Amino acid sequence: VIFMFVCSPVPAGAVPAFLGAEGGGAVSVGGRGGQVIEVTNLNDSGSGSLRACVTASGPRTCVFRVGGTINLTSTLYITNPFLTVAGQTAPGGGIFIKAPLVAQNVVTIDAPAHDITWRYTHIAHGFNQALLNQFNSTGDSPGCNFCLFAGAYSTIFDHNSTYWNMDEGLGAWRDFSNSLSNVTFSYNIVGEGLRNHSTGQLLGGSFAAGMINIDLHHNLTMNNSHRNPMVEVAEMRHVNNLTYNNLTRLVQLQPCCGITIKNDFIGNIYKKGPLNTGPNGTNSHEYFLTGAQS
């Protein structure tokens, strides 16, 4: 007998973001039907840069005519909807987005942005001692590598790698009433956090009751501290993910704001590594559950 576990299918009649897209974000429109903007250099900003494309208005698709490392000096902050970043078009070894000088998130998708399709890039924060000192003294977050905030609905983040993070690798946070639903994180590598609080995925927020139809599927999370993931959202699915070598709490389900969270865990593999010296399944290093679950 062969069992096949899949995420929520694309609704009948809907056009998928790309062939094989699955989960809540699978019907992201992205930049379909809009202009094609060429990324022709590795500059932080200016004509021909990735920043110029992602911050442009109207439906757009970023295609790369150059491969290599983009060293950001500030957050790649995206507020305009209908965007496709097609990292698979980059020649050579692809596109590596690095941001050791950035004091917050590397990439932020925020309202009114929505319908974002982001594929085939490498995103890394990198170590910053001054930022770490600030975090230790004030408690401010050093930021995550790829973050969605309220309003960034219908987003799919697929076939990327995100690492060298000083806080979360991936985040989706809804602290305002704008919609944050219909999201997919698929076939990504989230790993190699740089410090004891470098974590995998954080999903939730004070308006988490409206965070529904969210999928984590076929991701590899490895060599991080905890939050692999941490979930406060109302409804989501975790399908066929592999988590390896967490330091402390593996999966955290802790709803806020009086909601009951509904999570499906299907076909996942959790493998202990040298960071975790506790026995699997017998201590708080593995699962942290609070509040109402169903």
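Author: Start with the terms. On a 1 Å grid over the protein atoms alone, a cavity is a set of points where a 1.4 Å probe fits but cannot get out. A pocket is an open set with protein on both sides within 12 Å along at least five of seven lines. Lining residues have an atom within 4 Å of a point.

The model is predicted; local features need pLDDT of at least 70, side-chain atom pairs count only at pLDDT 80 or more, and totals for chains, interfaces and linings use all residues. Residues are numbered from 1 along each chain as its sequence is written, and side-chain values use heavy atoms, without hydrogens or water.

Now the cavities. There are 2 of 30 Å³ or more. The largest cavity holds about 80 Å³; a volume is the space filled by probe spheres set on the points, which are joined across faces, edges and corners. Its lining includes Q201, L216, N219, H238, F265 and Y270. By class, that lining has 4 nonpolar, 8 polar and no charged residues. Here Ala, Val, Leu, Ile, Met, Phe, Trp, Tyr, Cys and Pro count as nonpolar, Asp, Glu, Lys and Arg as charged, and the others, Gly among them, as polar.

Next, the largest pocket. Its space is about 170 Å³. It is lined by 13 residues, and C147, F149, E168, W173 and L202 lie nearest its centre. The lining divides into 7 nonpolar, 5 polar and 1 charged. Strands (DSSP runs of E, at least two residues, numbered from the N terminus) contribute here. β10 (146-149) and β13 (168-173) each supply at least two lining residues. The largest share, 4 residues, comes from β13.
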